[in-house]
Amino acid sequence: MNSVFHVIDKDTWERNPYFEYYYKQIKCRYTITANVDITALREYQQDRGMKFFPLMLYVIMAAVNQNKEFRFSFDGQGNLGYWEEVVPCYTLFHDRSKTFTDIWSDYDADVYTFYHTVTADMQRYKDVSGVIKARPDQPPNFCPVSALPWLNFTSFAQDTYTENNFLFPLIKFGKYVPESIKTIIPVAISVSHAVADGYHTCKLINDMQAIADTIGT
């Protein structure tokens, strides 16, 4: 997938003071965890005999690709900008060794095309282990997503002790559980404050909810 990279003109970018503050003075990431109602998504999945993970991955990636704040990066020349689209980079769990590898797949706005692309890639790379990157040639326009299907968590946080220029969000979702007449899943999003505030992250989660509610319609 060839995605266009839009370079930011910092002289006219309304967010530049915030970027400079949170990227250079206070290097800040924050995490918001929220419950997403996936009742309609589960009905869609079960009615069609589909796998849950690729559908949830679609919900997340469709929302990310609707919000440019979560597609920010630096290009090879160090220019700040955002990608027209990003692709998912996601983890495959190896039950025998209790380890994981990660792979990436092309993104498509059509849920059926995306679903079949992801399931084919999962099948192709499911037995590759002993390395972190199971699929080579990961493109620069990627968004990391992983699942913790063993726990319905209420909060999730992560950090790194090394300096880096990583601006993409880190997205985790947990175990879904029935709650009254609904099915709820926790989603945690770790965000670079330099490119996105609480408003933007709340909008991203609300967009996930809207996509989960209306998938296939």
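# Exercises on a predicted model

T91 has a relative accessible area of 25% and is therefore partly exposed (buried is under 20%, exposed over 50%, partly exposed in between, with a 1.4 Å probe and protein chains only). The model is predicted, so local features need pLDDT of at least 70 and side-chain atom pairs pLDDT 80 or more, while totals for chains, interfaces and linings use all residues. Residues are numbered from 1 along each chain as its sequence is written, and side-chain values use heavy atoms, with hydrogens and water left out.

## Exercise 1

## Exercise 2

Describe the sheet that contains β1.

Step 1. The sheet is open and has three strands in the order β1-β4-β3, with antiparallel pairing. Two strands pair if DSSP finds at least two bridges between them.

Step 2. β1 (5-7) and β3 (72-74) are the edge strands; each has a single partner strand, so one side of each has no neighbour in the sheet.

Step 3. From one strand to the next the twist averages 40 degrees (axes are lines fitted to C-alpha atoms, and angles run from 0 to 180 degrees between N-to-C directions).

Step 4. β1 and β4 (residues 80-83) run antiparallel and are joined by three bridges. In this pairing F5 stands opposite W83 of β4.

## Exercise 3

Classify the ring pair F93 and W150, and say which parts of the chain the pair ties together.

Step 1. Rings of Phe, Tyr and Trp (its six-membered ring) pair if their centres lie within 6.5 Å; planes under 30 degrees apart are stacked, over 60 edge-to-face and the rest tilted. The count of aromatic pairs is 19.

Step 2. The ring centres of F93 and W150 are 5.0 Å apart and the planes stand at 65 degrees, so this pair is edge-to-face.

Step 3. F93 is in strand β5 and W150 in the loop between β7 and β8, so the pair ties together parts 57 residues apart in sequence.

Step 4. F93 is partly exposed at 40% relative accessible area, whereas W150 is exposed at 53%.

Step 5. W13, F19, Y23, F72, F74 and Y82 form one aromatic cluster.

## Exercise 4

Find where K98 and D137 lie and give the phi of each.

Step 1. Most residues other than glycine have a negative phi.

Step 2. K98 is not a glycine, yet its phi is positive, about 55 degrees. K98 sits in the loop between β5 and β6 and is exposed, at 54% relative accessibility.

Step 3. D137, also not a glycine, has a positive phi of about 65 degrees. D137 is in the loop between α4 (111-125) and β7, and its relative accessible area of 70% makes it exposed.

## Exercise 5

Which element gives the most residues to the lining of the largest pocket?

Step 1. β7 gives the most, with six residues.

Step 2. The lining divides into 26 nonpolar, eleven polar and ten charged residues (Ala, Val, Leu, Ile, Met, Phe, Trp, Tyr, Cys and Pro are nonpolar, Asp, Glu, Lys and Arg charged, and the others, Gly among them, polar).

How values were computed. Helices (H or I, at least four residues) and strands (E, at least two) are DSSP runs, numbered from the N terminus.
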